[in-house]
Amino acid sequence: MDGWYVDDRCTNCDVARQFAPELIDEAEGKSRLLRAPTNETETQHLHAAVFACHTRSIRPESGKLDPTTDPFPLALDDHVLACGHNATRTAGANSYLLRRSSGTVMMIDTPRWSASLADRYAAEGPVTDVLLSHRDHAAHGRQYADHFGARLWIHEGDLDAAPDADQVIRGLEDVQIGEGVTAVPLPGHTRGSVLYLADDRYCFSGDSFYWSRMTGDLEIAESVTWYSIEELAASLDRVAGRLRFEHVLPGHGGRRSLPAEEMSGRLRALAARAQGMRPRPIDFTALRW
């Protein structure tokens with residue numbers, strides 16, 4: 001496509017399609033370029049897809065990426081930025097920076113490790129905390145936390161993935177991380193899965209649930225649940241009636257913004273659907289992106 005191609009390392013993680021859905025779709029279990037950008041906005045979307053892809057599979061014919069076109073960290077709104085540069089060691093998961101009113105920043109999950117990237121993220125403000133949603137996204141947490149001089153957080157259920165964490169979330173009770181930011185334990189995807197709520201607006205859901213473009217609704221990755229789908233259903237039932245947010249920002253799967261009342265209703269409906277889910281074999285091809 002106009003000098004660009006997707007190479008055969010693509011893992012169908014969906015990240016590129018999240019950033020440029022108008023330019024990239026899925027075919028035969030891989031991402032596929034549909035057409036060239038037609039304006040500056042679409043060009044920026046393509047570059048975001050390029051520099052988020054964890055295998056760097058979207059490439060120009062020359063094979064060399066132009067670092068001056070790297071848009072990350074990319075503002076999603078005034079308070080949240082996407083880190084981009086997704087890491088292979090976190091299966092290509094998204095990570096985020098959360099700006100606080102004090103001028104400080106929190107990192108939720110981690111991109112690939114790079115000291116130069118860390119400096120770029122720290123330019124947004126002093127990073128006080130690195131919040132890990134679960135074991136699958138813990139690979140680079142210690143490196144980023146040490147570089148920033150920040151506290152590294154994880155739940156005790158996944159502590160073996162980050163045994164040197166500075167702060168350990170225990171049990172099922174909510175934990176205040178900082179002003180306006182709360183950790184909500186949500187075991188199911190893994191034993192130690194946690195979601196982080198900020199300001200009753202932002203829900204960093206890890207891999208517990210996500211927005212599906214296919215179904216137009218909140219969904220669970222029920223075909224990729226490592227611990228217990230029944231436990232996840234119980235967790236959602238426990239919290240769905242009280243969580244309030246407008247933006248769902250997952251590790252894997254689509255992002256979406258809706259009025260808080262609508263999002264709350266959809267979460268309660270997801271919790272109800274989850275009650276009928278039962279264990280099934282791991283199947284990445286069954287994910288409903």
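## Briefing: strands, sheets and a buried histidine

Strand S9 (residues 127-131) and strand S10 (residues 151-155) run parallel and are joined by 3 bridges. Here, strands (E, at least two residues) and helices (H or I, at least four residues) are DSSP runs, numbered from the N terminus. Two strands pair if DSSP finds at least two bridges between them. This is a predicted model: local features need pLDDT of at least 70, side-chain atom pairs count only at pLDDT 80 or more, and totals for chains, interfaces and linings use all residues. Residues are numbered from 1 along each chain as its sequence is written, and side-chain values use heavy atoms, with hydrogens and water left out.

**The whole chain**

- The protein chain has 6 helices and 19 strands.
- Its radius of gyration is 18 Å, close to the 19 Å that the globule rule gives for 289 residues, so the chain is as compact as a globular protein of that length. The radius is taken over C-alpha atoms, and the rule is 2.2 Å times the number of residues to the power 0.38.
- The C-alpha trace spans about 50 × 45 × 35 Å along its principal axes.
- Of the 289 residues, 54% count as buried. Buried means under 20% relative accessible area, exposed means over 50%, and partly exposed lies in between (1.4 Å probe, protein chains only).
- Take the contacts between residues at least 6 apart in sequence: 57% of them join residues at least 24 apart. A contact means heavy atoms within 4.5 Å.
- The chain exposes about 12000 Å², and carbon and sulfur atoms supply 49% of this area. Areas come from the Shrake-Rupley method with a 1.4 Å probe; for residues, only the protein chains shown count as cover.
- The 31 positive and 42 negative charges have mean positions 2 Å apart. Lys and Arg count as positive and Asp and Glu as negative; His and the chain ends are not counted. Each charge is placed at NZ of Lys, CZ of Arg, CG of Asp or CD of Glu.

**The seven-strand sheet**

- An open sheet of 7 strands has the order S5-S6-S7-S8-S9-S10-S11, with mixed pairing.
- Strand S5 (74-75) and strand S11 (167-169) are its edges, and each pairs on one side only.
- Asp129 has Arg151 in S10 as its bridge partner.

**The six-strand sheet**

- Another open sheet has 6 strands in the order S12-S13-S14-S15-S18-S19, again with mixed pairing.
- Strand S12 (175-178) and strand S19 (256-257) stand at the edges with a single partner strand each, so one side of each has no neighbour in the sheet.
- 3 bridges join S15 to strand S18 (residues 247-250), and these two run parallel. Gly206 has Pro250 in S18 as its bridge partner.

- In strand S14 (residues 194-198), 5 of the 5 residues are buried, so the strand is largely enclosed by the rest of the structure.
- In a regular strand, side chains alternate between the two faces of the sheet.
- Val194, Tyr196 and Ala198 point one way from S14, Leu195 and Leu197 point the other way, and all are buried.
- Strand S13 (residues 181-185) runs antiparallel to S14, with 5 bridges between them. Val181 stands opposite Ala198.
- Strand S15 (residues 202-206) pairs with S14 in the antiparallel sense over 3 bridges. Tyr196 faces Phe204 there.
- S14 and S15 form a hairpin with 3 residues between them, and Asp199 in the turn has a positive phi of about 60°.

**His134**

- His134 sits in the loop between S9 and helix H4 (141-148).
- His134 has 0% relative accessibility, so it counts as buried.
- Not counting residues up to four places away in sequence, His134 touches Asp158, His189, Thr190, Gly192, Ser193, Gly206 and Asp207.
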